[in-house]
Amino acid sequence: MAITGVAIGALAATGLTFASANQALAEEGCKVDYKVVSTWGSGFQANVTITADEPINGWELKWNFPSGTTVSSAWNVSWSQSGTAFTGKDVGWNASIGSGQSREVFGFIGSGSSTAPGQFTVNGDVCNGPVDPPTSDDPTSDDPTSPGEPGDKVDNPYAGAQVYVNPIWSANAAAEPGGDAIADQPTGVWLDRTSAIYGNDSPTTGSMGLEDHLDEALEQGADVIQVVIYNLPGRDCAALASNGELAADEIDEYKNDYIDPIVDIMGQSKYADLKIVNVIEIDSLPNLVTNVSPRATATDNCDTMKANGNYIDGISYATAELGALPNTYNYLDAGHHGWIGWTNDDPQYDNFHASAELWGSLIGENGMTADDVHGFITNTANYSVLEEPYWDVDQVVGGRPINQNGDVKWVDWNSYNGEIDFATALREELIDNGFNEDIGMLIDTSRNGWGGDYRPTGPSTSTNPIEFVDESRLDQRYNKGNWCNQAGAGLGERPQANPEPGIDAYVWIKPPGESDGASEEIPNNEGKGFDEMCDPDYQGNIRNGNNPSGARDDMPLSGHWSSEQFAELLANAYPPL
């Protein structure tokens, strides 16, 4: 256990950071940032970033350590050391660095001197240095994406930021075989019950309450912490596995006992310099479009929540109260392309425009303004891929476009083929519905990699549109509506800032290894019911096109740890570990 404690201490200070304590500048078209992120005794952890003036497609990085310094382990790199000479090479997926792009290429654990090497070479070119480190990690104030003065909200809180690593999740990950490769990644802190605000010793949240996490973020030197606000009355009205503790009519309890204490804690002066990203109420508002009468997909619970207005009331209240704080960044949950991606002139088939209108209707409720919303997040705790590289939804196969062919059930007339094109289009639609033009999008990539043996390497040659799609697609689910513990899934893109225009960051809001719901009914005091979509033998319903659930067997309650699922996510990671 002492070894694990050292490992977690080393990893806890990492995250999304491009700020450099020891920097080498290039005269030959490259720059290397060698950042020591944690030290203990005679050991240290460092992360290495390469910046390219000209595109790099495959890199070999070399340097000489101070005498007596050795590397004991490294990740995302093929490495060797002879005496003081260190050589690191790309591992394929991280080989490419675009012109002007900075990429954190690998990290390592070392022992001995943590002093930065005096010279680096990339593919034989000398990156000269080191130069004097900057006196502050804060970029200049005229950079629109840079951290500003305390209380000033920046355009993108993730840009140049070190993001908080939850030590509870990190310890779980590091304890699994191979888990230390990702145990330094930032994940969301889920406040899924009122007691989670204070620490309730549950397997989901452990003994740490919100204030404990915020204090730990300060200890780590983090710039950003990610918190999931998730306790609406009548929560998840179209599902059962993630139902919450509050009944449909308990809106006062939600406001007074849940939101108000969170606001009080986040508003403490000691957190003034900490950027708090709030992901607000996943799997909520879109249900009031897709799962209410007169649609065939309606549920009684969603009809109730639409009628009583408590989703609108609760989310607008939470957004307004949290948005009034100078250090918070609110991102509202926006479903995913396999849920909201349908556009149609017929209201009973239009999810996309109707959902954007519904989000727009929040403005003005409970004093909420557009300024209280920094952006939206898609694919939270879901499995939809970023993009399908080998086919397009409007591609003509078999004589007509795929998304105009009702026989292709995977597409089923959906206008989008992945989260990037969906999030990009939805952003514009949300702006048209009253939100600010500078809103940014987040995409949860924690489990949408779909690597492994079944991942295709090119498009199908079939002229049958059904076979063509099934043989070409990365996403291996039976249906895009399948959401519970999907078998065969893998880790997706690692968290990173500014991956695409309009996308603030790829994030891991759902901590990999935590269950979506129990495979069978398990009595509990957490308000979590049994949902048949988590039963691997379940053959589906109208909301998933009457397809098999695709769920893993032997899974615990939602939020509880599964070693088996974590191992599968590691094995099927894409980009690979």
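Asp 313 and Lys 255 are both buried. They form a salt bridge, and their closest N and O atoms are 3.0 Å apart. Asp 313 belongs to helix α7 and Lys 255 to helix α4, so the pair ties together parts that are 58 residues apart in sequence. The model described here is predicted.

**Salt bridges**

- The structure holds 13 salt bridges.
- One of them links Arg 477 and Asp 475, with 2.8 Å between the closest N and O atoms.
- Arg 477 and Asp 475 are both buried.
- Another salt bridge joins the side chains of Arg 552 and Glu 568, at 3.0 Å from N to O.
- Arg 552 sits in the loop between β22 (503-507) and α12 (563-571), while Glu 568 sits in helix α12, so this pair ties together parts that are 16 residues apart in sequence.
- Both of these residues, Arg 552 and Glu 568, are buried.
- Glu 60, Lys 62 and Lys 89 form one network, joined by salt bridges that share partners.

**Helices α4 and α7**

- Two packed helices are described by the angle between their axes and the distance between the axes.
- Helix α4 covers residues 251-266, and helix α7 covers residues 310-323.
- Their axes lie 10 Å apart, and the packing angle is about 15 degrees.
- Angles under 35 degrees count as roughly parallel, and α4 and α7 are therefore roughly parallel to each other.
- The crossing of α4 past α7 is right-handed.
- On the α4 side, the contact is made by Ile 251, Tyr 254, Lys 255, Ile 259, Asp 260, Ile 262, Val 263 and Met 266.
- On the α7 side, it is made by Asn 310, Asp 313, Gly 314, Tyr 317, Ala 318, Glu 321 and Leu 322.
- By class, the contact residues of α4 and α7 are nine nonpolar, two polar and four charged.
- Lys 255 and Asp 313, the salt-bridge pair, are both among these contact residues.

- Helix α9 spans residues 352-360.
- Its buried residues are Phe 352, Ser 355, Ala 356, Leu 358, Trp 359 and Gly 360.
- What covers these buried residues of α9? The cover includes the helices α5, α7, α8 (337-340) and α10, together with β16 (328-333) and β17 (375-378).
- The axes of α9 and α10 come within 9 Å and cross at roughly 50 degrees.
- Helices α9 and α10 are therefore oblique to each other.
- The α9 and α10 crossing is right-handed.
- Helix α9 makes this contact through Phe 352, His 353, Ala 356 and Trp 359.
- Helix α10 makes it through Phe 422, Ala 425, Leu 426, Glu 429 and Leu 430.
- The contact of α9 with α10 has seven nonpolar residues, one polar and one charged.
- Phe 352, Ala 356 and Trp 359 take part in the contact with α10, and they are also among the buried residues of α9.

**Backbone features**

- Most residues other than glycine have a negative phi, and most peptide bonds are trans.
- Ser 293 and Pro 294 are joined by a cis peptide bond, with omega about 10 degrees.
- Pro 294 lies in the loop between α5 (287-290) and α6 (300-308).
- Tyr 574 and Pro 575 are also joined by a cis peptide bond, with omega about 0 degrees.
- Pro 575 is placed in the segment after α12.
- Asp 236 has a positive phi, near 50 degrees, and is a residue other than glycine.
- Asp 236 lies in the loop between β14 (224-229) and α4.
- Is Asp 236 buried or exposed? Its relative accessibility is 2%, so Asp 236 counts as buried.
- Trp 413 also has a positive phi, near 70 degrees.
- Trp 413 lies in the loop between β19 (400-401) and α10 (419-432).
- Trp 413 is partly exposed, and its relative accessible area is 42%.

**A contrast of sequence and space**

- Asn 525 is in the loop between β22 and α12.
- Asn 525 counts as exposed, with 65% relative accessibility.
- How far apart in space are Asn 525 and Glu 245? Their C-alpha atoms are 8.8 Å apart, although the two residues are 280 residues apart in sequence.

Methods:
Residues are numbered from 1 along each chain as its sequence is written. This is a predicted model: local features need pLDDT of at least 70, side-chain atom pairs count only at pLDDT 80 or more; totals for chains, interfaces and linings use all residues. Side-chain values use heavy atoms; hydrogens and water are left out. Axes are lines fitted to C-alpha atoms, for helices over the stretch in contact, and angles run from 0 to 180 degrees between N-to-C directions. Helices (H or I, at least four residues) and strands (E, at least two) are DSSP runs, numbered from the N terminus. Angles under 35 degrees count as roughly parallel, over 145 as roughly antiparallel, 65 to 115 as roughly perpendicular and the rest as oblique. A crossing is left-handed if the near helix is turned anticlockwise from the far one by less than a right angle, and right-handed if clockwise. Contact means heavy atoms within 4.5 Å. Ala, Val, Leu, Ile, Met, Phe, Trp, Tyr, Cys and Pro count as nonpolar, Asp, Glu, Lys and Arg as charged, and the others, Gly among them, as polar. A salt bridge is a side-chain nitrogen of Lys or Arg within 4 Å of a carboxyl oxygen of Asp or Glu. Buried means under 20% relative accessible area, exposed over 50%, partly exposed in between (1.4 Å probe, protein chains only).
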